Amino acid sequence: MDRYHTEKRPPLLSVMLYILGLLNLVFAFDVTAADKSLEKIRIAYSGISGSQTPLWVAYEQGFFRKYGLDVELVYIEGAALCIQTLVSGNVTAAAVSGAAVIQSNLQGSGVVMTAGFLNTMDYELMVSSDITSPDQLRGKSLAVSRPGSSSDFATRYTVEKYGLVPDKDVAIVQIGSQPARFAALTSGKIQGAMVAIPVTAKAKKMGFNELADLQMLGLEYPQNGLAVTRGLIGSKPELVRNLTKAFVEAIAYFKTHQNETLAIYQKYLKTDDMDALKETYEAVGLNLISEKPYPTIKGIQIVLRQLASKDPKAQGVKAEQFVDSTFLTELDKSGFIDRLYKSTQVVTTRGQPRPVVLTAKSNAPVKNKTKVAATPALEAKPAAVSTTSVPTAPVSAEIEVDKD
């Protein structure tokens with residue numbers, strides 16, 4: 001009896017912890033095994049705006065993982081540097097402007113666009129409160145990111161549409177990223193700048209005037225799309241196919257899930273301004289990003305005409321050289337994309353974005369705004385694009401608000 005009473009039994013808590021430990025080990029093993037089945041890749045993007053909605057949603061809602069890809073998103077300021085990082089092999093794909101893809105391809109890089117997320121420009125020309133008509137731009141300064149950037153093209157295109165001559169009637173000043181341009185505008189250093197949704201909402205609240213809305217000029221332009229190398233297409237076609245599936249499914253998802261998309265915008269656009277977030281969702285996510293994101297051939301032709309005055313290699317080149325729609329066409333013809341809009345399946349999210357409380361609202365696409373400051377000229381000459389190369393620099397994963 002004494003012996004029985006002196007033996008120590010394992011406390012119940014210890015037994016439970018032991019069992020939980022074993023379960024954790026088994027679970028960790030299973031997760032590790034699952035992760036090993038995913039192909040690890042990196043995708044770079046060069047701007048932070050609504051045009052990146054397909055990329056952010058595909059990542060946050062788990063569509064990449066659904067199609068066997070363990071993706072790391074990398075932000076690299078500037079489309080030219082982003083493309084160079086792609087060519088170097090440091091990233092597998094990039095969400096960038098078509099102009100950067102074209103310039104790189106003309107130099108023999110083999111980079112092409114496999115999808116076109118935004119085939120127009122979501123810029124608005126915001127000017128100081130004392131400017132109410134295009135004629136008042138004469139003698140004023142407008143800020144752009146850098147020569148050859150999308151903001152540079154948009155600014156020159158608009159100025160010429162209004163019958164003014166860039167660098168003569170209106171000074172075009174290189175300032176840098178969108179935050180830098182907006183800061184220069186608010187400080188009075190310049191009198192106007194192209195800004196994109198949702199910064200447009202902030203600018204209007206601060207009293208700046210919207211002189212032109214690029215959406216209303218009817219301009220096709222490869223503002224943002226998915227770029228890969230032809231080498232990747234040849235060596236890993238299934239990877240590119242899975243990327244394409246993830247993106248088109250992400251597009252179908254955000255077009256039918258407003259609140260979830262707005263929560264993702266909060267995270268990446270770093271704002272709780274509901275007016276700005278809803279403007280981004282309605283104007284860009286619903287209205288401008290196509291369910292079937294084919295690259296714009298007409299927009300590429302516009303860029304080529306723009307380049308031709310400075311780069312002989314751009315003369316007489318067919319726009320199709322810069323596009324490979326093989327996988328998108330395959331999905332389209334098979335009915336894959338159409339079926340997405342008939343399905344109500346919800347994919348498990350990656351992480352939990354902050355909740356958004358919104359008034360119930362229809363998810364139907366809204367019509368474009370019809371505000372135009374003045375009747376534009378009939379035709380505009382394309383602005384020159386700089387083809388100066390940018391040295392490759394270490395990749396930065398830091399998220400900062402920027403748009404070329």
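The exercises below, each with a worked solution, concern a predicted model.

Local features need pLDDT of at least 70 and side-chain atom pairs count only at pLDDT 80 or more, while totals for chains, interfaces and linings use all residues. Residues are numbered from 1 along each chain as its sequence is written, and side-chain values use heavy atoms, with hydrogens and water left out.

**Exercise 1. The chain as a whole**

State how many helices and strands the chain has, and what percentage of its residues count as buried.

Solution. 
- Step 1. Helices (H or I, at least four residues) and strands (E, at least two) are taken as DSSP runs, numbered from the N terminus. The chain has 16 helices and ten strands.
- Step 2. Buried means under 20% relative accessible area, exposed over 50%, and partly exposed in between (1.4 Å probe, protein chains only). By this criterion 53% of the 404 residues are buried.
- Step 3. Contact means heavy atoms within 4.5 Å. Among contacts in the chain with a separation of 6 or more, 83% come from residues 24 or more positions apart.

**Exercise 2. Helices α3 and α11**

Describe how the axes of α3 and α11 cross, and which residues meet.

Solution. 
- Step 1. Two packed helices are described by the angle between their axes and the distance between the axes. Axes are lines fitted to C-alpha atoms, for helices over the stretch in contact, and angles run from 0 to 180 degrees between N-to-C directions.
- Step 2. The axes of α3 (residues 53-60) and α11 (residues 237-254) come within 8 Å and cross at roughly 95°. This makes α3 roughly perpendicular to α11; angles under 35 degrees count as roughly parallel, over 145 as roughly antiparallel, 65 to 115 as roughly perpendicular and the rest as oblique.
- Step 3. From α3, Thr53, Pro54, Leu55, Val57 and Ala58 take part, and they meet Ala246, Phe247, Ala250, Ile251, Tyr253 and Phe254 of α11.
- Step 4. By class, the contact of α3 with α11 has ten nonpolar, one polar and no charged residues. Here Ala, Val, Leu, Ile, Met, Phe, Trp, Tyr, Cys and Pro count as nonpolar, Asp, Glu, Lys and Arg as charged, and the others, Gly among them, as polar.

**Exercise 3. A five-stranded sheet**

Give the strand order of the open sheet and examine two of its pairings.

Solution. 
- Step 1. The order is β7-β6-β8-β5-β9, with mixed pairing. Two strands pair if DSSP finds at least two bridges between them.
- Step 2. β7 and β9 (209-213) are at the edges with a single partner strand each, so one side of each has no neighbour in the sheet. On average, neighbouring strands are turned by 35° against each other, direction ignored.
- Step 3. β6 and β7 (residues 171-174) run parallel and are joined by four bridges, with Ser141 opposite Ala171. In β6 (residues 141-144), Ser141 and Ala143 point one way, Leu142 and Val144 the other way, and all are buried.
- Step 4. β5 (residues 123-127) and β8 (residues 192-196) are antiparallel over five bridges, with Glu124 opposite Val195.
- Step 5. Helix α8 (residues 178-187) packs on the sheet, touching β5, β6 and β8, and its direction makes about 140° with that of β8.

**Exercise 4. Phe208**

Decide whether Phe208 is buried or exposed, and list its contacts beyond four places in sequence.

Solution. 
- Step 1. Phe208 is in the loop between α9 (199-205) and β9. Its relative accessible area is 14%, so Phe208 is buried.
- Step 2. Leaving aside neighbours within four places in sequence, Phe208 contacts Met126, Val127, Ser128, Leu185, Thr186 and Ala203.
- Step 3. Phe208 and Thr186 are 22 residues apart along the chain, and their C-alpha atoms are separated by 8.8 Å.
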